[in-house]
Amino acid sequence: MRYLFVAILFSLATVLGIHAQSTDTIKVVLPTLPVILKDSLHPSYKTVNPVISDFRENEDMKNHFYTNESPMTFELDRIPRKKNIFNSSYSKFIIPTAMISYGIMAQGSKRLKELDYSTHHEITEHYTAHIRVDDYMQFAPAVAVYGLDFCGIKAKHNFRDRTIVMATSFLIMCATVQTMKSTINIERPDGSNNNSFPSGHTATAFVDAHILFKEYRDTSPWIGVAGYTVAATTGTLRVINKKHWVSDVVSGAGIGILSAELGYLLLPVFHNTFGIKDKKSSLVIAPTIGVDNYGVGLAYTF
């Protein structure tokens, strides 16, 4: 009986305590804080601006990352590559220099000259017609350098810089070819004159083809392949037409490629010398229609 009375008192005290707690306590409702997701890979990620990598590296091997507000720069370590003949800064000059050297050595080497004579002999037996398309084909890659950009395929450099590179490369090429022609005095296969070495047509074609390759290689390497194919065909036709020996064509190709490389190498020098700053160029083409006339207006800003 005593235990039952104690249990009743304990139950009553518990009920009264709960009632007092529910009536006397002041409840404060706190606002719910927004959940900000820090993981940009989360499917509902919206509040944090994504970090976009530029992946362009400067000379200090820095990668720049940008948000919508401000740039952030991080130092990234990269495994250094051992310098060799293939990844050095002068590797792009090796092939054209070797081609020019071959042509020069062929003028004094009987074994190399024998290739010129044997090729000429085979051509004389099988080809008699003169194909004059090489006189025009040499300029085809140059037309493509400007024509592709005009058609909407973006080149690496703007119209102004491409023209500077083209003009500089042609000046170097022409000066080199004419100097060698007048000093070496090699007779042409057809005996017309002594200006055979090196081939000016081939040098012109390869200047254009190499510039075409460098301007559009990021868009498609096949554009450069097409340019080199046209240039090589030009050189082949010069041999078939009995205007040049094989060594003339090989050296002409090397001079053309080397001249184009020097043209790009000198581009920053022209920018610094003449204070040229990069500006966006624009081309506007609009039709003009009048009462008695019509035509097309063109304005180019560079």
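Is Ala98 buried, exposed or partly exposed? I looked it up and found Ala98 partly exposed, because its relative accessibility is 46%. My cut-offs: buried is under 20% relative accessible area, exposed is over 50%, and partly exposed is in between (1.4 Å probe, protein chains only).

**Ground rules.** I am working with a predicted model, where local features need pLDDT of at least 70, side-chain atom pairs count only at pLDDT 80 or more, and totals for chains, interfaces and linings use all residues. Residues are numbered from 1 along each chain as its sequence is written, and side-chain values use heavy atoms, with hydrogens and water left out.

**Ala98.** I placed Ala98 in helix α2, residues 94–106. Helices (H or I, at least four residues) and strands (E, at least two) are DSSP runs, numbered from the N terminus. I then checked Ala98 against Val250. They are 152 residues apart in sequence, yet their C-alpha atoms are 9.5 Å apart in space.

**Thr202.** This residue sits in helix α7, residues 200–216. I noted Thr202 as buried, because its relative accessibility is 0%. Which residues does Thr202 touch, not counting those up to four places away in sequence? I listed Gly235, Arg238, Val249, Gly252 and Ala253. A contact here means heavy atoms within 4.5 Å.

**Loop between α6 and α7.** I looked at two residues here. Pro198 lies in this loop, with α6 spanning 159–184. A cis peptide bond joins Phe197 to Pro198, with omega about -10°. Asn185 is in the loop between α6 and α7 too. Its phi is near 55°, a positive value in a residue other than glycine. I logged Asn185 as partly exposed, because its relative accessibility is 43%.

**Loop between α8 and α9.** I found Lys242 here, between α8 (221–240) and α9 (246–274). Phi of Lys242 is positive, near 60°, and the residue is not glycine. I noted Lys242 as buried, because its relative accessible area is 17%.

**Confidence.** I checked pLDDT, the predictor's confidence in each residue, from 0 to 100. The chain averages 79, and 63% of the residues score at least 70.

Residues 18–25 have 1 contact beyond four places in sequence. Residues 51–68 have 40 such contacts in the model. Where pLDDT is low, the predicted coordinates should not be read in detail.
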